[in-house]
Amino acid sequence: MTKTKSNKLPGQVVLVMQGGGALGAFQAGVYEAMHEAGIEPEWVVGTSIGAINGAIIAGNKPANRLDRLREFWQQVASAHTSSEIWDAFGLGKLVHNLGAVSSGIPGFFAPNLPAHFGAQVPLGIANASYYNTAPLRDTLDRLVNFGLIAQGTTRLTLGAVHVASGRMRYFDSRDDAMGLEHVMASGALPPAFPAIEIEGEHYWDGGIYSNTPIEVVMDDNPRRDAVIFAAQLWQQAGDLPVTLAQVSSRMKDIQFSSRAESHTARQQQIHHLRHVVRELGRLLPAQARGTPEARELLGWGCGTVMHVLPMQAAALPGEDHTKDLDFTPSGIRERWNAGREFAKRKISEAPWNDAIDPVMGIVVHP
């Protein structure tokens, strides 16, 4: 196929990935399409499973990234191949989910036996969870080269929540020495997984605060022109639920889609105002523009243009509120393929070449 070189895109290439457990296979498919088109991200931003995928991408050279992603997703599916036998009886997902709940996911998490002593037992912040994530630590240690991340070739930003203050924090390889703990903290979803300690402070999964970390790109300083591939796993809009199971599924979609549209709309307003400030500055006489007061005010303006390409995962037939636990080989394969095909179509359209109003600042290509 014809390759699109990343240096022909109008700005830095950014890949932003939400949290969503097993749904994250969609993100791996999005990256595969980018890789096949010769588009490698210069900046990867992730939360939860997006942080794991992101660390594998940023922590490997482009030639090795797909192999490492496949290795991770094949490993987490490896214990559930037998569930496909039950598919013929309509019990595949049930058998799988029972296995995941009782035994964990290989290379990801395992049951934390002390948690079975009761919800009021004081286990301590590092052990107060239904599962432990020691298997994930070993997996990341094998699949991610943190020395390569430290070199800064591909920037990596991961979102986590400070447990005590409830504030979001973005760890950034541009400013922080990234390690295993940062990835694990971003994926430490309570009460399933324990908080992770970083420099004496404890952090949980960033998705419980903001599961759509796109705002960190738009608030970056200094701002740069960008093409943002936003791999979104949850459906903000959906049908009215009529059963309790559908209510649970709809609630999770709304909760974890995390106001992606409203976040982007607010940023569009802010960036539009920044462009207005810049244009107003051009109307001022040169002498007025040169005063310290004017320079300070005009510093709020900018002329960057960011193209946002929402890569929205579609709901698969028959999925329910347990879809983020669907680590079956068939489920992973379907979502990976869906992500690849979606991204291939969007890349072939090359919407960043469309005529735009340059005062917009942020342009969304649905």
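**View 1. Strand 1 (residues 12–17) and strand 2 (residues 43–46) pair in the parallel sense over four bridges.** Strands are DSSP runs of E with at least two residues, numbered from the N terminus, and two of them pair if DSSP finds at least two bridges between them. M17 stands opposite G46 in strand 2. The model is predicted: local features need pLDDT of at least 70, side-chain atom pairs count only at pLDDT 80 or more, and totals for chains, interfaces and linings use all residues. Residues are numbered from 1 along each chain as its sequence is written, and side-chain values use heavy atoms, with hydrogens and water left out.

**View 2. Strand 2 is covered on both faces.** W43 and V45 lie on one side, V44 and G46 on the other, and all are buried (under 20% relative accessible area, with a 1.4 Å probe and protein chains only). In a regular strand the side chains alternate between the two faces of the sheet.

**View 3. Helix 1 (residues 25–36) meets helix 3 (residues 62–77).** Their axes, lines fitted to C-alpha atoms over the stretch in contact, come within 11 Å and cross at roughly 160 degrees. Helix 1 is therefore roughly antiparallel to helix 3 (an angle over 145 degrees). Residues in contact (heavy atoms within 4.5 Å) include Y31 and H35 in helix 1 and L66 and W73 in helix 3. The residues of this contact divide into seven nonpolar, one polar and three charged.

**View 4. H263 is found in helix 11 (residues 260–283).** H263 counts as buried because its relative accessibility is 15%. Leaving aside neighbours within four places in sequence, H263 is in contact with S210, T212, E215 and S258.

Methods:
Axes fitted to C-alpha atoms, helices over the stretch in contact; angles between N-to-C directions. Parallel < 35°, antiparallel > 145°, perpendicular 65-115°, else oblique. Nonpolar A, V, L, I, M, F, W, Y, C, P; charged D, E, K, R; others polar. Buried < 20%, exposed > 50% of the residue type's maximum accessible area, 1.4 Å probe, protein only.
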